[in-house]
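Subject: Structure for you to look at

Hi,

Here is the structure I promised to pass on to you. Please open it alongside this email, so that you can follow along as you read.

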Amino acid sequence: MAQIIIDTANHIAGYAAKAARVRVVAAYPITPQTTVVEKIAEFVESGEMDAEYIRVESEHSAMAACIGAAAAGVRTFTATSAHGLALMHEALHWASGSRLPIVMAVVNRAMGAPWSIWPDFSDSLSQRDTGWIQFYCADNQEVFDTIIQAYRICEDERVFLPAMVCLEGFILSHTYMPVKIHDQEEIDAFLPPYRSGWILDVNNPFSHANLVSPEWYMEFRYMIQEAMENAKQLIPEIDKEYGRRFGLQYGGLIDKYKCENADLIICTMGTMGSEAKIAVDNLRKEGLKVGAARIRVYRPFPVEEIRNIAEEASIIATIDRHISFGMEGFLASEIKASLYHMEDKPLLAGFIAGLGGRDVTFKTIEEIAKKSLKWMKAGRVEKETVWVDLRE
Amino acid sequence: MVTIKEFPKEEYLLKGHAACAGCGPSIALRLLFKALGNKVIMVVPACCTTVIQGPYPYTSFAVPLQNMLFEATGATCSGIAAALKIRGLEDITVVGWAGDGGTVDIGLQALSGAAERETNFIYICYDNEAYGNTGLQRSGATPYGAWTTTTPTGKKERKKDMPLIMAAHKIPYVATACPSYPVDFVNKLRKAKEIKGTKYIHVLAPCPTGWRYDTSKTVEIGRLAVHTGIWALYEIEYGRFRLNPPSDRLIDKSKRKPVREYLAMQDRFRHLTEADIEKIQQWVDMDWEYYRKLASSECSDLTLHGKI
Ligand SMILES: Cc1ncc(C[n+]2csc(CCOP(=O)(O)OP(=O)(O)O)c2C)c(N)n1
Ligand code: SF4
Ligand SMILES: [Mg+2]
């Protein structure tokens, strides 16, 4: 029986790992991720979850243990934040290079120095090129559903890649919301038992990940690129199937809101996407033609869908909870790159907001929208990157 | 106890491996497989063995092998052991096989964590006393005075005592070994296989390339390491320390050969002064005083832990 519970996104991530019948969890605590692994520890110790919980001594070891367990043939889960994710960096490459379908919750937190425990995307976006699929969630329900979906996608033979399911620290991680925990039998029907491309098998001994000469290395990389392209096709299909089964879906790669015949489209990720919807409703009431696109999947990047959205728009405003120092926000860069080959492309205004947990409310987004519309009318973007609410 | 005649004929280190001629670690590898058979899953971090196994798409190992990040052997074995446990496949032996750098330096944390978590596996450190893979730089296991490419005038610090660090984790089995004593090594491995929990075996494995001696002398150098007392063969089983033959006959200093004989055979020690050699001799004698105390019955259960 499906069940509605009111809980934090971190606990919900634990419920999702349980519902996905994860067999090995290896994790190390860091704020604001801690309550994910505490919840799982409870589930394992009470016997509600039939899993081994490895209390490792670092995040590097957490990912190494997940790699070992996944290679030895079981579904694995871990969770981390910021510095823990950065410490894992090397092992993230190893997981994707080994084509192991590990799923990890990343509770987004700003990177130090100076120390911050509040959210932005500087942790997960720094891992952009590690070969992990990256999902960004807007509410607790989406956290649950995306973790379940992620296993299905990662364990598809056309993909066999790991995925991060990102949720912003505190904004989601410690905020209570009602969430529907679907019927276990229905989840089992959607998510078959663990599958991977290979396994450590004493009856079929192979040397995995040994030295590869220049003669072969590029082909292995190309296969990861192909798998990412396959994931791009698959994610919307799986999301639709999920919708049919459970009555909940998220727009596949992009959660689009009133984008049809919009002059301005506001592009965000994560919880800013929910605020953007409120802003759009308010602006529409004023007669302004504004829509919102929440990039739900950042890797693989939805290039084609971005082009489709851009087709009718005159300006796109990106709001990045991240800065690539010496350049601009990643979303701004990636969307510009996606539009490059379009003949008649919209203007693009990049906004940096919400770093280190500063609030980005619908009001902030309305201001961003109005500024962008002004530039649209003028036919020129006055400033390529605007730092929102900056003390100068 | 198996004798050398009873060693299985099967070879799981296959022909065509890429070790240097006279490589001590590759002898130890061959013995490892003879002792454990092929119901083994092995984890190998970056080290000479990355090269020894041979490049993709070939392998010279007849067991499944997970190549892994340099510092992550312990944690990876924890993951594999957990997966095998939950799959009900605990008859498979998980083996971490790492160099001294991957053990005493960069991999110490992950190994310590795995041991403290009582991971069910055998960890073997094959100690060639330098970073062989990357061209023979010093490690925490390089002995005092030895030339390496990053200690061109000889290392100024002493070797880390890794087996006793592992004993301090109160794991059920710690042992030292050397491929020059194959029966001792094979029996230790077979014993380790039967014990549940973390088993640690530290193998001094002479390396002609790094130690600068003739490739025909590997076995002899290993014997001299033991007979001079530079390397002691012992095991610590549930906290009980015991010297193994021939080391058990060497507590009396007069039975030990002077360390000079061992040092003189290797060009990595060529530049040592008389004072250096004297210092090394004194340190070895002090180590043996310590082993004598550990081996005495009053000491072993007090300093280490007993089986309950
Ligand atoms: C994080 C990281 N740092 C450095 C290296 C480079 N590296 C590879 S093997 C190695 C030395 C290995 O030494 P040891 O563990 O003693 O094994 P040996 O090569 O002597 O068999 C080093 C420094 C690496 N692979 N990964
Ligand atoms: S460098 Fe030494 S340990 Fe490495 S393969 Fe050569 S002989 Fe063996
Ligand atoms: Mg070495």
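Predicted model: local features only at pLDDT ≥ 70, side-chain atom pairs only at ≥ 80, totals over all residues.

**Ligand 1**

- B:Asp100 places a polar side-chain atom 2.8 Å from an oxygen atom of ligand 1.

**Ligand 2**

You will meet B:Asn128 again here, as one of the residues around ligand 2. The rest of that shell consists of B:Cys20, B:Cys23, B:Pro25, B:Cys48, B:Cys207, B:Pro208 and B:Thr209. By class, the shell has 6 nonpolar residues and 2 polar ones, with no charged residue.

**H1 and H7 in chain B**

Next, have a look at helix H1 (residues 24-36) and helix H7 (residues 182-194) of chain B, whose axes come within 9 Å and cross at roughly 45 degrees. That angle makes H1(B) oblique to H7(B). The crossing of H1(B) and H7(B) is right-handed. On the H1(B) side, the contact is made by B:Ala28, B:Leu31, B:Leu32, B:Ala35 and B:Leu36. Facing them from H7(B) are B:Pro182, B:Phe185, B:Val186, B:Leu189, B:Arg190 and B:Lys193. The residues of this contact divide into 9 nonpolar and 2 charged, with no polar ones.

**H6 and H8 in chain A**

The other pair is in chain A, where the axes of helix H6 (residues 140-154) and helix H8 (residues 214-246) come within 10 Å and cross at roughly 125 degrees. H6(A) and H8(A) are therefore oblique to each other, and H6(A) passes H8(A) in a right-handed crossing. From H6(A), the residues in contact are A:Phe144, A:Asp145, A:Ile148, A:Gln149, A:Arg152 and A:Ile153. They meet A:Leu234, A:Ile235, A:Ile238, A:Asp239, A:Glu241 and A:Tyr242 in H8(A). Sorted by class, this contact has 7 nonpolar, 1 polar and 4 charged residues.

Happy browsing, and do write back with any thoughts.

Best wishes

How values were computed: Residues numbered from 1 in each chain as written. Chains lettered and ligands numbered in written order. Heavy atoms only, no water. Axes fitted to C-alpha atoms, helices over the stretch in contact; angles between N-to-C directions. Helix = DSSP H or I, 4+ residues; strand = E, 2+ residues; numbered from the N terminus. Parallel < 35°, antiparallel > 145°, perpendicular 65-115°, else oblique. Left-handed = near helix turned anticlockwise from the far one by under 90°. Contact = heavy atoms within 4.5 Å. Nonpolar A, V, L, I, M, F, W, Y, C, P; charged D, E, K, R; others polar. Near = heavy atom within 4 Å. Polar contact = N/O pair within 3.5 Å; in protein donor to acceptor, adjacent residues only side chain to side chain.
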